[in-house]
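Colleague: I would like to know how the terms used for a model like this are decided. Could you set each value against its definition?

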Amino acid sequence: MSRGPVRVLRLGLRPYAEALRAQERCVEAARAARLPVPVPGESVVLSEPAEPVYAWGLRGGPEAEAAARLRRRGAGLAAVRRGGRITFHGPGQLLVFPVLDLRRRRLPLRGYVEALETLVLRFCRRFGLPAARALPPPFTGVWMGDSKLCAIGVHCGNHITSHGLALNCCTDLTWFDHIVPCGLEGKGVTSLSRELGRHITVDHVLEPFLDSFQEVFDCTLVFSEDPGD
Amino acid sequence: MAWRALRRVGPVLAPRCPRFSLLLLPLPPPAPPLPPRVPAARRLATSSLVLSARKFTDKHEWISVENGIGTVGISNFAQEALGDVVYCSLPEIGTKLSKDDEFGALESVKAASELYSPLSGEVTDINAALADNPGLVNKSCYQDGKMSFLSFNNEYHMASRYHKWLCNSYFFQFNDVEA
């Protein structure tokens with residue numbers, strides 16, 4: 001298996017809920033595409049959240065009072081079926097949802113998460129941050145020192161992956177002050193802009209990110225507007 | 001290039017006879033490597049009767065049935081592939097499940113994966129220890145880490161679909177005859 005096609009959906013600036021809906025359509029397409037013929041059942045959804053939202057995974061979210069406080073600050077709240085604890089998504093952040101078939105790739109779940117880390121590390125090296133590193137669980141993610149640059153949280157059902165990673169490009173990091181990101185006390189967050197000392201938007205990183213994606217997941221990217229085609 | 005290597009070792013390989021000292025004996029082609037085989041028994045079987053009743057699905061859940069009550073868990077292969085399990089959610093007692101329904105989820109390495117019911121039935125009990133100690137799934141996936149108990153109201157057929165796991169893994173070929 002090599003160089004299989006992966007459809008790329010670049011949503012641009014969209015609300016988080018819309019990215020989740022596009023992802024759902026991709027997951028349906030991936031499940032339906034379990035055929036011997038090489039249709040591009042796999043996809044990767046790229047978006048930038050248009051509005052601030054706090055999202056948490058399986059292990060639960062904030063208490064009612066804490067949730068109300070976050071809502072008062074103007075953020076949405078979302079419980080999603082993925083690994084990882086509470087984190088923030090908002091403008092200036094690249095959200096990447098690879099919808100891949102791990103059975104076809106003969107990749108165990110742990111190996112897939114490591115591949116995501118490798119992907120981000122390769123991108124960081126390309127982008128001028130060779131000091132980025134991945135840490136073992138429970139600190140899964142990509143870090144610059146003690147600050148997390150990229151959060152990872154995935155879901156796998158019937159060997160189809162969803163959710164993925166959130167890379168801070170020029171995210172307003174003060175949003176993270178109101179939570180304990182990923183439940184890790186004493187750790188900070190950072191962004192590409194902060195680390196490189198210049199304003200990096202999501203559009204700047206798309207090309208090098210997709211190049212790294214193509215390398216790490218050994219695929220051919222097919223650009224498309226609609227997960228159904 | 002291999003022939004040059006052979007030429008260097010040729011005199012060693014050739015029979016000890018001056019007339020044939022430079023004869024290059026071609027080495028037989030190396031045998032194709034055997035597929036990697038994990039040793040058949042990794043642990044002592046505590047109960048061969050339980051072992052013989054445990055059946056595995058293609059999603060690496062196992063079920064062993066006694067007196068109409070099925071015990072469900074995930075295989076050693078699955079717990080290794082997941083990594084350290086940090087969270088396990090199981091259904092409420094009394095939930096009725098159809099075959100392949102999602103019956104819970106595990107979280108490990110920032111990854112949430114669904115669990116699918118191997119058969120249809122009603123949940124009669126769950127392993128409450130997993131709520132506080134989800135690592136039991138890794139440490140003892142067949143004993144202390146087993147997950148839930150299903151009762152079966154109807155006749156079920158297990159022979160054809162769910163057989164003792166034998167070289168049928170979609171990750172790679174291996175023999176999993178765990179205790």
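Modeller: We can start with Ser193(A), which lies in helix α5 (residues 192-196) of chain A. Helices (H or I, at least four residues) and strands (E, at least two) are DSSP runs, numbered from the N terminus. The model is predicted: local features need pLDDT of at least 70, side-chain atom pairs count only at pLDDT 80 or more, and totals for chains, interfaces and linings use all residues. Residues are numbered from 1 along each chain as its sequence is written, chains are lettered from A and ligands numbered from 1 in the order in which they are written, and side-chain values use heavy atoms, with hydrogens and water left out.

Colleague: Why is Ser193(A) called buried?

Modeller: Its relative accessible area is 13%. Buried means under 20%, exposed over 50% and partly exposed in between, with a 1.4 Å probe and protein chains only. Ser193(A) is therefore buried.

Colleague: Which residues is Ser193(A) in contact with, leaving aside its neighbours within four places in sequence?

Modeller: They are Cys169(A), Cys170(A), Arg198(A), His199(A) and Ile200(A). Contact means heavy atoms within 4.5 Å.

Colleague: What makes the pair of Ser193(A) and Ile200(A) a polar contact?

Modeller: A polar atom of the Ser193(A) side chain lies 3.0 Å from the backbone nitrogen of Ile200(A). A polar contact is a pair of N or O atoms within 3.5 Å; within protein, one must be able to donate a hydrogen and the other to accept it, and residues adjacent in sequence count only if both atoms are side-chain atoms. The pair therefore meets the distance limit.

Colleague: Is His159(A) buried or exposed?

Modeller: His159(A) is at 11%, so it is buried.

Colleague: Why is Pro118(B) put in the buried class?

Modeller: Its relative accessibility is 1%, so it counts as buried. Pro118(B) is in the loop between β7 (111-116) and β8 (121-126) of chain B. Its C-alpha atom is 8.4 Å from that of Ser98(B), 20 residues apart along the chain.

Colleague: How much space lies in the largest pocket?

Modeller: About 350 Å³. On a 1 Å grid over the protein atoms alone, a cavity is a set of points where a 1.4 Å probe fits but cannot get out; a pocket is an open set with protein on both sides within 12 Å along at least five of seven lines, and lining residues have an atom within 4 Å of a point. The volume is the space filled by probe spheres set on the points, which are joined across faces, edges and corners. Of its 20 lining residues, the closest to the centre are Pro137(A), Pro138(A), Thr140(A), Val109(B) and Lys110(B).

Colleague: What is the peptide bond from Pro137(A) to Pro138(A), cis or trans?

Modeller: It is cis, with omega near 5°. Pro138(A) lies in the loop between β7 (133-134) and β8 (142-144) of chain A.
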